[in-house]
Amino acid sequence: MSALSDSHIKSSSFVLTGVPGLEVYSLWLAIPFSSIYAMVFLGNCTVLHVIRTEPSLYQPTFYFLAMLSLTDLCMGLSTVHTVLGVLWGFMQKISLDFCIAQSYFIHGLSSMESSVLLGMAFDRYIAICNPLCYSSILTNDKIMKIGVAILCRSFSLISPAIIRLKFLSYCRPHVLSHSFCLHQDLLRLACSDIRFNSIYALFLVIMNLLLDAVLIIMSYIMILHTVLVIASREERMKSLQTCVSHICAVLVFYIPIIGLTMVHRFGKHLSPLVHILMGNVYILFPPLMNPIIYSIKTQQILRRVQRLFSLKAV
């Protein structure tokens with residue numbers, strides 16, 4: 001009987017949460033959310049199209065930008081069906097297997113974004129601190145190897161914790177905190193021993209997000225040191241201008257993820273609306289903002305996008 005009960009628990013579905021207290025306005029809320037997802041897809045597809053069709057952008061900097069846009073595009077694709085499904089009212093529940101798969105992609109893509117931002121910091125460091133060797137260090141072959149390493153690192157390290165979710169028993173009310181699945185949200189509903197997942201998740205945060213953030217900060221300390229010894233103020237400003245887009249992308253990624261972590265760890269007394277807001281900011285803000293940041297701050301991208309839309313207008 002116990003075995004049958006466990007089997008039922010493990011195979012049961014989970015209830016997705018929309019916006020607590022505003023359920024009657026779900027259809028109205030679906031309109032801005034649909035618009036945001038449309039902007040995410042249009043913005044990142046535009047950046048990818050521009051880089052693919054413009055030979056002058058076949059450079060390491062823009063290869064990393066293409067990786068970032070592809071990651072953001074996939075993040076949108078991994079959550080759009082559940083978020084809009086809940087708001088439009090045609091999806092209220094999600095199976096355990098589907099939930100685990102979505103959690104795998106969300107956390108894997110988040111780790112991948114962090115790794116790509118680290119790769120972009122390395123690109124800026126070489127370009128400013130060792131410009132004469134830039135083309136010999138960051139060859140196409142090495143960029144490809146870095147991309148494969150980022151992919152393997154992001155999705156292999158997260159696998160043990162995600163696979164373990166399949167073997168936990170979920171005896172608490174099967175109501176998720178968001179309209180998508182997160183690892184920490186599933187752990188909250190488990191009544192099995194979750195020490196492995198908790199410890200391993202902390203290990204991943206330290207080895208992925210924290211380590212990447214420390215290395216990015218170190219790269220900018222060295223960049224700043226190099227820039228400050230440049231005699232000309234104009235040259236200093238020109239060098240720093242090339243880093244502005246990346247710094248903005250780093251802030252856009254790390255501020256929401258730190259906020260969501262703090263809310264999950266210490267905000268249990270907060271309104272569910274705060275959890276929902278931070279979860280959606282974590283999922284949607286970086287994919288929405290990165291194409292805007294790079295289209296505005298990167299002249300090559302801006303000119304090409306303007307030309308692209310002016311041709312379409314004609």
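User: What makes L202, F203, I206, M207, L210, L211, V214, L215, M218 and M222 a nonpolar patch?

Analyst: A patch takes residues with over 30% relative accessible area and no salt bridge, joining nonpolar side chains (Val, Leu, Ile, Met, Phe, Trp, Tyr) within 5 Å and like charges within 9 Å. A salt bridge here is a side-chain nitrogen of Lys or Arg within 4 Å of a carboxyl oxygen of Asp or Glu. The ten names you list form such a patch on the surface, with about 820 Å² of accessible area together. Areas come from the Shrake-Rupley method with a 1.4 Å probe, and for residues only the protein chains shown count as cover. The model is predicted, so local features need pLDDT of at least 70 and side-chain atom pairs pLDDT 80 or more, while totals for chains, interfaces and linings use all residues. Residues are numbered from 1 along each chain as its sequence is written, and side-chain values use heavy atoms, without hydrogens or water.

User: Why is M222 called partly exposed?

Analyst: Buried means under 20% relative accessible area, exposed means over 50%, and partly exposed is in between (1.4 Å probe, protein chains only). M222 has 37% relative accessibility, so partly exposed is the term. M222 belongs to helix α9, residues 195–228. Helices are DSSP runs of H or I with at least four residues, strands are runs of E with at least two, and both are numbered from the N terminus.

User: What is I137 called on that scale, and why?

Analyst: I137 has a relative accessible area of 24%, so I137 is partly exposed. The residue is in helix α5, residues 134–137. Beyond four places in sequence, I137 touches F122, I126, N130 and K142. Contact means heavy atoms within 4.5 Å.

User: Which residues touch the most other members of the largest nonpolar core?

Analyst: They are I51, L65, L117, M120, Y254, I283 and I301, in a core of 60 residues. The elements giving two or more residues to this core are α2 (26–53), α3 (60–88), α4 (96–129), α6 (140–157), α9, α10 (233–266), α11 (272–297) and α12 (299–313). Helix α3 gives the largest share, 11 residues. A nonpolar core is a set of buried Ala, Val, Leu, Ile, Met, Phe, Trp, Tyr and Cys residues joined through side-chain atoms within 4.5 Å. Apart from neighbours within four places in sequence, Y254 is in contact with S114, L209, D212, A213 and I216. A second, separate core has 22 residues, including V86, I94, L96 and Y200.

User: How do you know that C99 and C181 form a disulfide?

Analyst: A disulfide is a pair of cysteine sulfur atoms within 2.5 Å. The sulfur atoms of C99 and C181 are 1.9 Å apart, and the pair is a disulfide. Its S-S torsion is about -115 degrees, so this disulfide is left-handed. C99 lies in helix α4 and C181 in the loop between α7 (159–165) and α8 (183–189), so the bond ties together parts 82 residues apart in sequence. Both cysteines, C99 and C181, are buried.

User: Which cysteine does a disulfide join to C171?

Analyst: C171 is joined to C191, with S to S at 2.2 Å. C171 sits in the loop between α7 and α8 and C191 in the loop between α8 and α9, 20 residues apart. C171 has 45% relative accessibility, so C171 is partly exposed. C191, at 38%, is partly exposed. The rule gives 2 disulfides, and the bonded cysteines, numbered in sequence order, pair as 1-3, 2-4.

User: What makes L176 buried?

Analyst: L176 has a relative accessible area of 2%, so buried is the term. L176 is in the loop between α7 and α8. Apart from neighbours within four places in sequence, L176 is in contact with several residues, among them F14, V15, I94, C99 and C181. The C-alpha atoms of L176 and V15 are separated by 6.0 Å, although the two are 161 residues apart along the chain.

User: Is S115 buried or exposed, and why?

Analyst: S115 has 4% relative accessibility, so S115 counts as buried. S115 lies in helix α4. Leaving aside neighbours within four places in sequence, S115 is in contact with I150, R153, S154 and D212.
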